[in-house]
Amino acid sequence: AGSGLTFLSIALGTLAMPAWIAAQYGYALGGPETMNEYRAVFLGFWLGLAATMLTAARRPTEVLLGDLCGLMIGLQALARLLSFALDGSFSLKFGVVALGELGTAALILLGRPSSRP
């Protein structure tokens with residue numbers, strides 16, 4: 001639920017203050033093409049992630065749904081770590097985010113062993 005609310009907050013922030021949200025991620029917004037892709041990901045896709053994660057939080061007995069959310073969060077963290085290694089750039093802010101994502105993914109994926117078949 002926390003990850004879903006985070007994605008929801010960021011997505012809604014893109015409507016109210018797109019340039020500020022983009023700047024938090026190091027993005028500069030330009031013309032209509034840039035705005036289109038930015039809104040597609042930061043608004044559309046992240047609203048989809050929020051809806052999926054909030055649905056999973058409301059249905060804890062549907063283990064597969066929760067596991068898929070844990071997988072999405074974990075893969076995002078692993079992609080950040082890969083970027084740190086390949087791109088040589090390490091931001092403390094995104095390092096902390098990656099650790100939080102890894103911890104969240106682990107809690108989701110390992111946190112309910114009794115409900116697994």
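A residue is counted as buried when its relative accessible area is under 20%, as exposed when that area is over 50%, and as partly exposed in between, with a 1.4 Å probe and protein chains only. By this criterion, 28% of the 117 residues of the protein are buried. The model is a predicted one, in which local features need pLDDT of at least 70 and side-chain atom pairs count only at pLDDT 80 or more, whereas totals for chains, interfaces and linings use all residues. Residues are numbered from 1 along each chain as its sequence is written, and side-chain values use heavy atoms, with hydrogens and water left out.

The protein contains 5 helices and 0 strands, and its pattern along the sequence is α-α-α-α-α. Helices (H or I, at least four residues) and strands (E, at least two) are taken as DSSP runs and numbered from the N terminus. The C-alpha trace spans about 50 × 30 × 20 Å along its principal axes. Contacts are defined by heavy atoms within 4.5 Å. Among the contacts with a separation of 6 or more, 55% are made by residues 24 or more positions apart. Accessible areas were computed by the Shrake-Rupley method with a 1.4 Å probe, and for residues only the protein chains shown count as cover.

Trp 46 is located in helix H3, which covers residues 32-58. Trp 46 counts as buried because its relative accessibility is 10%. With residues up to four places away in sequence left aside, Trp 46 touches Phe 7, Ile 10, Ala 11, Tyr 25 and Val 41. A separation of 27 Å is found between the C-alpha atoms of Trp 46 and Gly 88, which are 42 residues apart along the chain.

Gly 95, in helix H5, is likewise classed as buried, since its relative accessibility is 8%. Gly 95 touches Phe 84 and Phe 90, residues up to four places away in sequence not being counted. Its C-alpha atom is separated by 25 Å from that of Arg 39, 56 residues apart along the chain.

The structure holds 2 salt bridges, a salt bridge being a side-chain nitrogen of Lys or Arg within 4 Å of a carboxyl oxygen of Asp or Glu. In one of them, Glu 101 pairs with Arg 80, and the closest N and O atoms are 2.9 Å apart. This pair links distant parts of the chain, with Glu 101 in helix H5 and Arg 80 in helix H4, 21 residues apart. Glu 101 is counted as buried because its relative accessibility is 10%, and Arg 80 is also buried, at a relative accessible area of 17%. Apart from residues up to four places away in sequence, Arg 80 touches Phe 94, Val 97, Ala 98 and Glu 101.

A salt bridge is also formed by Arg 59 and Glu 62, with 3.8 Å between the closest N and O atoms. Arg 59 is partly exposed, with a relative accessible area of 43%, and Glu 62 is partly exposed at 38% relative accessibility. Thr 61 lies in the loop between H3 and H4 and counts as exposed because its relative accessibility is 72%. From Thr 61 to Gly 100 the C-alpha to C-alpha distance is 24 Å, for a sequence separation of 39 residues.

A nonpolar surface patch is formed by Leu 64, Leu 68, Leu 71, Leu 75, Leu 78 and Leu 81, which together have about 550 Å² of accessible area. Patches are made of residues with over 30% relative accessible area and no salt bridge, like charges being joined within 9 Å and nonpolar side chains (Val, Leu, Ile, Met, Phe, Trp, Tyr) within 5 Å.

The largest pocket has about 380 Å³ of space. Of the 20 residues that line this pocket, Thr 6, Ile 10, Tyr 25, Val 97 and Glu 101 are the closest to its centre. Two or more lining residues are given by each of helix H1 (2-16), helix H2 (18-24), H4 and helix H5 (92-110). H5 supplies the largest share of the lining, 7 residues. On a 1 Å grid over the protein atoms alone, a pocket is an open set of points where a 1.4 Å probe fits, with protein on both sides within 12 Å along at least five of seven lines, and lining residues have an atom within 4 Å of a point. Grid points are joined across faces, edges and corners, and the volume is the space filled by probe spheres set on the points.
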